[in-house]
Structure formats: structure tokens, C-alpha cells
Amino acid sequence: MNNKIISKRFGKLTDPASVSEYRAMGGYTAIQQAILTEKEHILEEIDKAMLLGRGGASYPMGRKWHHLYENPRFPKYIVCNADEGEPGTFKDKALLSLDPHSVIEGMLIAGYLFSADEGFIYIRGEYRTIQETFQRALDDAEQNGYLGQDILGVKGFNYTITIVSGAGAYVCGENSAMLNSIEGLTGRPRVKPPHLADIGLHKQPTLVNNVESFANVPVVLNMGGEAYRALGTEKDGGTRLICLSGHIKNRGMFEIPLGMPLDEIIYGEEYGGGMASGKPLGFIHFGGQSGPIGFPEQLEGLIYSYEEMRARSLAIGSGALVVMDDSVSVVEYLESVMGFFIHESCGKCTPCRLGTTRLHELLGSFVKGRAGQEDLSRLENMLTHITNLSSCGLGQSVATSVRCAIRHRRNEFAALIGN
Amino acid sequence: MEQKLEIIHKHGGKKENMLAILLELQSISPEGYIEPETAALVAQELGMTKTRVYEIASYYAMLKVKPQAKYVLEVCNSSPCYFSKSDTILHILEQELDVEIGKATADGMFAVHYTPCVGACDIGPVIKIGDMVFGNLDEEKIRTIIGELRAAHVSVLEEVRS
């Protein structure tokens, strides 16, 4: 795409942590504008932008922001979820390392809007060198008066941002688990409701948004909500950072306008460029390990937007597209996916802790040709149980990909049944 | 001891910096883990029980409560890497080092483990050694990496990265 929006500074800054370089490319103008604007007007622009959360759950950002704004309790906290851990996803890494000030400016606008004094960014432990870059960016922002006391001369606009490190737990990407982890507790999810906008960090109203979501905030304010929405489709505004991996020719991160045909993403020379092996497409795993799998016959004429994807029981999720050519057995693929969930289940609730292991064993018995006649219905029952009985989003979504495969490739499972 | 206290105080001795503190303490541990004395010190300085420190240290995959090999080679086995031949990479490592996955070499120099996604799927298959990620691996690159580690030329590794 010629007109990159959110990745326009990528690779163009000599030192991405430098405020002056960020400003030279249009940075910190949105916050300048925000402090001169009615707060309700900022919320209106976010609403008009039709910006859906970029973390994975795709929750409308405007709705989340209104919820917190209307809560009369203070202090409020701002938290940025930078625990990017969905396999196949590496776009937050790019934002944090190549344009950290765009994330800081988004968090700063949130701090101003919600009159919060403290913001936290929870960065996964594996990104330790990125944490260093981000800290330098925070230090430079403070030196230049964008963080600290009476920011930009606005009396009482006091705001700091603190980095909190993760240490290798996928489940901490779940917002409530993340807040526990920030509080120094073990990073296990909380029971919801209450909504985090009511009872969040230290039991106070809290906003949790993804890195890419925050980075979009200055863009929305700069260009106006309506113009931002118009980059995408009627109901899904803006652009998305997507990550192509697996058997695709051009692996990497790309910015696309929402509403681009999937075929262009996968086969366009500017994007995926087709399969590396030249073999036909086997399937695509969308949005990380917790996301759905799509098969070629489902993908025909598909538009990559939240709405169109949902209409075909697919999802954008984290923006990952793990592309497999037809040399891969989907059942073997699922065994690998389930291996991941065994490792990442936090162990708090039994259906997820044991269910992931049992699913892995059962998928393994299909792969090895040891599955019996009843095992396919057993597998389906287990999928229902683990989804309905698990307490958090992790356990509730481990079955997603398996269910897609059974629905569309039942014959492949059946063919693996021994005697 | 003093160095450890310095690390704890640098992070304000705050519970919210618990993971950063533990990761940094682990990075200066000669055997790459949270030693019992370290856990006791953290408990004392952060005003919590040693059991709580261990609960946290044993929960997170990057924190270790047992001694580790000098160089831990972590092979990513999440699906984007796994289906980009990370199993081949593992076999080569096992052969070159004469070690099984999950175990350390007899001299305690190397260990090979699996790791979930490190966010480098565009250059898979990858291995992670400390903070460094090595991608687009093949047999030759792996031999180079192991050779350099054996000769303790860690800095030279920069050249074969990515």
C-alpha cells in the first residue's frame, strides 16, 4: 500500500526512541490538539472511527472508552497490553521497537481524557531489548515535557508511564491476568464480570488496550474519525497490521486497509506472493492459536474485514495469518496447536488444565492411526465441555481451531480412524 | 549480595516490578536460575513470603528454579516454526551436541529446550539463546552457532543472527 498510516515511520527513524525525530514526522500533534478540545469530542472521534480493538477480541474501542469515561471513581489507570504472545503475531513488536512514541502518544491521550495519573505498559519478557528501547523513548518524552507534571503547560495534567515486564506466560495477555501480574500476583485470570472499567488494577477503574489500538489513537485524532473509518469498510474502520507466516512466499508484517480481498493479501506480489513451494493452499489459521482455521472453499472471494470474516465464522483476531500449503495434514497441525495450549494453560481450572492434555492425546491417536470408531464423537464432546466449562478466554478458545477442522474436514479425521 | 540488592532497589523494591527483578537476578546467576538465597532475599526486600516468591518464579516459563546449562538453546515449536521445519533443526542440534531435548550435555555447557512462539515467525525456524534470536536456520548456520559458543566467541554470534 502506498499510503501507510500506522507504519509510515517504520524504518525511517534513525533512533526510534527520539522525540525530535518522531515530531519531525508528524508526531505529538494529536495530543496538542486533544488538550484544546472538549473531552466528549475526543470520544466522538473514536466512535466515528469505528475502531475495533487490535489485540484479538475486537471489542469496539469507543464503547470501552465510554464505559470508563462514565465511571465517576478515581484514580483511573491506563494499561497497554504489549504481551504479544499469539503464535504467528509479531506486529506489536514492530510498533514498540520502530515507533514507540506513537504508542506513548496514544497512552498519553488516554491519560489526559480519563484524568489518569499513571499508565503501565506490560511488555512480554521475551522482548527485553525492546523494553530498553521503549524505556529510552519514555525518558526522552519526559525530558521533552510529554510525561511528568503539568504536561504541555496544562495545570494538573500529571502522567507517568511505567514498563512492567512479563516473564513468559501466554495467559498474561488476557487482560485480567495481566492486571494480576502487574499487582505482583501470579498472572492468572480473574473471574469476570466485573468489567475492568469498573474493577481493574488495584480494584480501580482501568482501561486496557492493545499496542496497535493505542498507536491508532493519534492517527484518528489527526485525520478525524470519519476519514479514518473511510480507510476501511463501513463498519470496520482504518487499517490493520497483519503478520504472514508459515508456507507463504513473503513472510512478514504488512499494513493493509480493512476490506482488502484476502486473495490479494495471500497472492498479491506486494504482499504474500503465494505459496513458497508453489503447491496449492492447504488452510489458513487466523488470529493466533486461539483463532479459527479457514479452508480454500470457505475463503473464495473473502474480504478481510471483521464483519465479513465473522459472517463466515472466521475472525481477524491478533492479525496473524499462518498459511499452510497442502502438504500439511490439518490433524497433525492441530496436535501442534494443542501442544501449545498444554504449555500455556495456567492450571487454575480443571477443564482447561486436563482438557488440553486429553485433547492433545486424542489428536495424537488420530495422527498415529490409533483412533477408534467412537473417538471422533468423543473428541467433539470434549471440545464442547472444555469450551463451556473453562473459566477464561484461553480455555474457552482452545477448541476453536479443532471445531473448524471437524466441520470442514471431517473426512480427514475419519480417514485416520484405525480398527 | 550487594549486586543483588542493587538490582532490587533499582526497581524501587516494588512488587509490580517483581518479574523484572527476578529476570535480572536470574541473568547474573552463574547457573541461570533463582537460587534459594536469591528467593529469600527477594522475599525479605519485597515483604512477602519465600513461598510466594517461588509460586511466581515457578509459574512463568522464563524464570527457572533449578540450575541451568551455560547455554540454553531454545527451539521454537509453535506451529508457524514447527511447520517451517523446526523439527529438523532440533534433530541437528541433538546430533551435534549429543543431547536429548529437555536435557543438558554432560559437561553442563549446553541444553536444548522447546520454547513457545518468540514472535519471530517471519524468520522461522528460530532458536533463542539468552536474549538473542537466530532465524532462517539451516545445518550450516547451526554448526557455526555451536562452534562459536564452544569457542566462547559470543560476540561473533551477532553476525549470524537473523
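Modeller: Let us begin with domains, whose bounds come from an automatic or database domain assignment. The model is a predicted one. For chain A the assignment gives domain 1 (19–231), domain 2 (239–325) and domain 3 (330–415). The C-alpha centres of domain 1 and domain 3 of chain A are 35 Å apart. Their contact draws 7 residues from domain 1 of chain A and 8 residues from domain 3 of chain A. On the side of domain 1 of chain A that touches domain 3 of chain A, 5 residues are nonpolar, none is polar and 2 are charged.

Biologist: Into which domains is chain B divided?

Modeller: Chain B has domain 1 (2–59) and domain 2 (71–160). Taken over C-alpha atoms, the centres of domain 1 and domain 2 of chain B are separated by 28 Å.

Biologist: How does the radius of gyration of chain A agree with that of a compact globule?

Modeller: The radius of gyration is set against a rule for globules, 2.2 Å times the number of residues to the power 0.38. For 419 residues the rule gives a value near 22 Å, and chain A agrees because its radius of gyration is 22 Å. Along the principal axes, the C-alpha atoms of chain A fill a box of roughly 75 × 45 × 35 Å. Of the 419 residues of chain A, 54% count as buried. Among contacts in chain A with a separation of 6 or more, 72% are between residues 24 or more positions apart.

Biologist: How many helices and strands does chain A have? And how is the pairing of strands to be read?

Modeller: Chain A has 18 helices and 11 strands. In a regular strand the side chains alternate between the two faces of the sheet. Strand E1 (residues 77–82) of chain A pairs with E2(A) in the parallel sense over 6 bridges. Within this pairing, A:Ile78 has A:Gly119 as its bridge partner. E2(A) also runs parallel to strand E3 (residues 160–165) of chain A, with 6 bridges joining them. There, A:Gly119 has A:Ile161 in E3(A) as its bridge partner.

Biologist: By which helix does the chain cross from E2(A) to E3(A)?

Modeller: The chain passes through helix H7 (residues 128–143) of chain A, and this β-α-β crossover is right-handed. In the loop between H7 and E3 of chain A lies A:Gly148. With 14 C-beta neighbours inside 10 Å, A:Gly148 counts as partly exposed. From A:Gly148 to A:Ile256 the C-alpha to C-alpha separation is 35 Å in space and 108 residues in sequence.

Biologist: What is the strand order in the open sheet of 5 strands of chain A?

Modeller: The order is E6-E5-E11-E8-E9 (chain A), and the pairing is mixed. Strand E6 (252–257) and strand E9 (293–294) of chain A are at the edges; each has a single partner strand, so one side of each is without a neighbour in the sheet. Strand E5 (residues 239–246) and strand E11 (residues 320–325) of chain A run parallel and are joined by 4 bridges. A:Ser245 stands opposite A:Val322 in E11(A).

Biologist: Which elements of chain B give two or more residues to the side that touches chain A?

Modeller: The contact takes 38 residues from chain A and 29 residues from chain B. The elements of chain B that give two or more residues to this side are helix H2 (18–28), helix H4 (50–59) and helix H5 (79–97). By class, the side of chain B that touches chain A holds 19 nonpolar, 5 polar and 5 charged residues. H2(B) is mostly covered, with 8 of its 11 residues buried; among them are B:Met18, B:Ile21 and B:Gln26. What covers the buried residues of H2(B) includes E3 of chain A, together with helix H1 (2–10), helix H3 (36–46) and H4 of chain B.

Notes
Residues are numbered from 1 along each chain as its sequence is written. Chains are lettered from A and ligands numbered from 1 in the order in which they are written. This is a predicted model: local features need pLDDT of at least 70, side-chain atom pairs count only at pLDDT 80 or more; totals for chains, interfaces and linings use all residues. Two strands pair if DSSP finds at least two bridges between them. A crossover is right-handed if, with the strands pointing away from the viewer, the path from the first strand over the helix to the second runs clockwise. Two residues are in contact if their C-beta atoms, placed from the backbone, lie within 7 Å. Ala, Val, Leu, Ile, Met, Phe, Trp, Tyr, Cys and Pro count as nonpolar, Asp, Glu, Lys and Arg as charged, and the others, Gly among them, as polar. A residue is buried if 20 or more other C-beta atoms lie within 10 Å of its own, exposed if 12 or fewer, and partly exposed in between; C-beta atoms are placed from the backbone.
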